[in-house]
Structures are given as structure tokens and as C-alpha cells.
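Colleague: I have a model open and want to learn how to read it. Can we go through it in short questions and answers?

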Amino acid sequence: MLIRKTKPNDQTEVLFLYEQARSYMHSHGNVTQWIGYPNEKSLKEDMAKGMSYVVEDDSKAIVGTFALMKEPDPNYQEIDGAWLSKGPYVTVHRIASSQKGVGTYIFQELLKQYKDIRVDTHKDNARMRALLVKMGFSYCGVIKLIT
């Protein structure tokens with residue numbers, strides 16, 4: 001597999017991955033997350049900011065996507081809990097994939113590059129919560145969304 005920046009001609013496939021993830025979450029009890037978002041507008045904004053990535057399999061098919069924010073996330077300023085560190089961090093958002101193992105691959109590759117990675121998810125997103133535990137992430141608390 002390979003991670004690369006999202007290109008304009010990838011948009012249809014990325015939007016399809018978002019829809020697949022939305023359907024999966026809704027059919028597995030997480031009915032309030034990703035309603036109408038992420039969408040084409042948010043994808044284009046992520047691409048314009050250089051923070052949208054895709055994962056290609058060995059045949060160059062797009063099998064995953066995520067956003068990587070390299071500047072402080074305004075939504076992480078206020079937390080009912082505490083972050084593990086106060087230093088620089090990156091934030092992973094909007095992970096979606098079409099096959100098993102892609103989320104693990106994304107985090108394995110990011111953990112090679114970044115010391116401090118923050119991720120948030122809905123309390124009902126059992127699959128993402130399990131992936132985060134598997135990858136060694138620690139629960140830090142509940143953030144207050146402002147954007």
C-alpha cells in the first residue's frame with residue numbers, strides 16, 4: 001500500500017469511501033456521526049489546505065482516505081480530561097476505507113513520522129475506538145467542538 005496526497009481526479013472515489021463509511025456507521029449503531037459530512041465541500045477544502053490523503057493498494061486502487069491536520073486543531077483547545085503532552089501534534093480526521101487493515105496501515109505509517117498524533121471520534125464509533133486501542137492510543141477525554 002501507499003499513502004499519497006489526494007488529487008482532483010480522486011474526488012469521486014473519496015466521496016464514495018465517505019458514503020460507504022457513513023452507511024457502515026449508521027448500520028452499526030452510530031447513527032449521529034457523519035450526517036451530511038464529510039462531503040464534496042469539505043473534501044475540496046481539505047485538498048486546498050494540502051491535508052487530504054488517499055491510500056492506494058498494490059494495483060493503485062484507492063482503498064482509503066484520511067485528513068491530516070499538521071497545525072493545532074481549534075477543536076482540541078478545550079477538553080474535559082487532559083492531553084498526554086503539550087507539545088506539537090498532528091490530528092487525523094475523516095478516515096474511511098473499503099477494506100480491512102487500511103486504518104491500521106494508516107496509523108502504522110503516521111506513527112513512523114509523528115511523535116504526537118491526536119484523534120477524536122464519536123462515542124458510538126466502536127470500530128474506530130477499537131482501532132485506536134489496538135494502535136496504542138490512550139483515551140484523553142471529551143473535546144468541545146467549536147468548528
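Colleague: At the start of helix 2, which residue's backbone nitrogen does a side-chain oxygen of Asn-39 reach?

Modeller: Keep in mind that this is a predicted model. Asn-39 sits at the start of helix 2. Its side-chain oxygen comes to within 3.0 Å of a backbone nitrogen, and that nitrogen belongs to Lys-41.

Colleague: Which residues of helix 2 are buried, and how wide an arc do they cover?

Modeller: Helix 2 runs over residues 40-48, and its buried residues are Ser-42, Leu-43, Asp-46 and Met-47. They lie on the same side of helix 2, because around the axis they cover an arc of only 140 degrees.

Colleague: Which residues are exposed on the other side of helix 2?

Modeller: Exposed means over 50% relative accessible area. On that other side, two residues are exposed: Lys-41 and Ala-48.

Colleague: What covers the buried residues of helix 2?

Modeller: The cover includes a helix and strands. Among them are helix 1 (11-27), strand 2, strand 3 and strand 5.

Colleague: Which residues does Leu-110 touch, not counting residues up to four places away in sequence?

Modeller: Leu-110 is one of the residues with the most contacts inside the largest core. Leaving out those sequence neighbours, Leu-110 touches Phe-66, Leu-68, Val-92 and Ile-117.

Colleague: How many aromatic pairs are there, and is the pair of Tyr-53 and Phe-66 buried or exposed?

Modeller: The whole structure has four aromatic pairs. The rings of Tyr-53 and Phe-66 have centres 5.3 Å apart and planes at 10 degrees, so this pair is stacked. Tyr-53 lies in strand 2 and Phe-66 in strand 3, so the pair ties together parts 13 residues apart in sequence. Buried means under 20% relative accessible area, and Tyr-53 is at 10% while Phe-66 is at 1%, so both residues are buried.

Colleague: At what distance from the ring centre does Arg-118 lie over the face of Tyr-89?

Modeller: Ring pairs link Tyr-89 into a cluster with Tyr-76 and Trp-83. Arg-118 lies over the face of Tyr-89, and its distance from the ring centre is 3.7 Å.

Key
Residues numbered from 1 in each chain as written. Predicted model: local features only at pLDDT ≥ 70, side-chain atom pairs only at ≥ 80, totals over all residues. Heavy atoms only, no water. Core = buried A, V, L, I, M, F, W, Y, C linked by side-chain atoms within 4.5 Å. Buried < 20%, exposed > 50% of the residue type's maximum accessible area, 1.4 Å probe, protein only. Contact = heavy atoms within 4.5 Å. Phe/Tyr/Trp six-rings, centres within 6.5 Å; stacked < 30°, edge-to-face > 60°. Helix = DSSP H or I, 4+ residues; strand = E, 2+ residues; numbered from the N terminus. Lys NZ or Arg CZ within 6 Å of the ring centre and 35° of its normal. Arc of directions from axis to C-beta. Polar contact = N/O pair within 3.5 Å; in protein donor to acceptor, adjacent residues only side chain to side chain.
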